[in-house]
Amino acid sequence: MKSTVRYHQEQKEFRVLVEKTFPNLLKSREKRDRVSFNEQLLKIVPEIRKYINKRLITAIKKGHFSKGKYKADDFIDQLFIEVYDRIEEVENETDFYLWLFRKTNELL
């Protein structure tokens with residue numbers, strides 16, 4: 001029970017981090033400051049990497065492709081590009097969390 005509660009607390013904290021990062025990403029994007037944008041996005045990448053790795057492991061176990069064919073970093077690199085190019089699609093910071101995972105799923 002404690003691990004479930006802890007998991008949900010960590011997810012809630014991550015969601016708050018993503019929401020707080022959103023305005024900074026928008027400002028960096030408006031200024032066309034790619035370095036600052038990437039630095040901000042790097043703060044949330046570790047959790048996304050975990051998610052991607054879980055999905056890749058599941059796909060490998062199901063036989064959809066062989067081990068070593070894809071790496072999480074391949075998807076993360078593309079995600080950086082997608083977020084930079086399309087962040088204006090997000091209406092507000094509360095939508096950014098779901099939008100980010102939707103884009104990740106599309107890439108996967």
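1. In helix H4, the buried residues are Ala72, Phe75, Ile76, Leu79, Phe80, Glu82, Val83 and Tyr84, where buried means under 20% relative accessible area, exposed means over 50%, and partly exposed lies in between (1.4 Å probe, protein chains only). Helices here are DSSP runs of H or I with at least four residues, strands are runs of E with at least two, and both are numbered from the N terminus.

2. The model is a predicted one, in which local features need pLDDT of at least 70 and side-chain atom pairs count only at pLDDT 80 or more, while totals for chains, interfaces and linings use all residues. Residues are numbered from 1 along each chain as its sequence is written, and side-chain values use heavy atoms, with hydrogens and water left out.

3. The geometry of H4 (residues 72-86) agrees with expectation, because its 15 residues at 1.5 Å a residue should span 21 Å and its end C-alpha atoms are 21 Å apart; the expected span is 1.5 Å times one less than the number of residues.

4. Along the sequence the protein reads α-α-α-α-α, with five helices and zero strands. Its C-alpha atoms fill a box of roughly 45 × 35 × 20 Å, taken along the principal axes, and 31% of the 108 residues are buried.

5. Which residues have the most contacts inside the largest nonpolar core? They are Val83, Phe96 and Leu100, in a core of 25 residues. H1, H2, helix H3 (45-61), H4 and helix H5 (93-107) each supply at least two residues of this core, and the largest share, seven residues, comes from H4. A nonpolar core is defined as a set of buried Ala, Val, Leu, Ile, Met, Phe, Trp, Tyr and Cys residues joined through side-chain atoms within 4.5 Å.

6. The buried residues of H5 are Phe96, Tyr97, Trp99, Leu100, Phe101, Lys103 and Thr104. If residues up to four places away in sequence are not counted, Leu100 touches Val18, Ile44, Ile48, Leu79 and Val83, a contact being heavy atoms within 4.5 Å. Among contacts between residues at least 6 apart in sequence, 66% join residues at least 24 apart.

7. Leaving aside neighbours within four places in sequence, Ser28 is in contact with Asp33, Ser36 and Phe37.

8. Arg32 lies in the loop between helix H1 (2-30) and helix H2 (34-42), and it counts as exposed because its relative accessibility is 59%. I would draw attention to the backbone here: phi of Arg32 is near 60°, a positive value in a residue other than glycine. The C-alpha atoms of Arg32 and Phe65, which are 33 residues apart along the chain, are separated by 37 Å.
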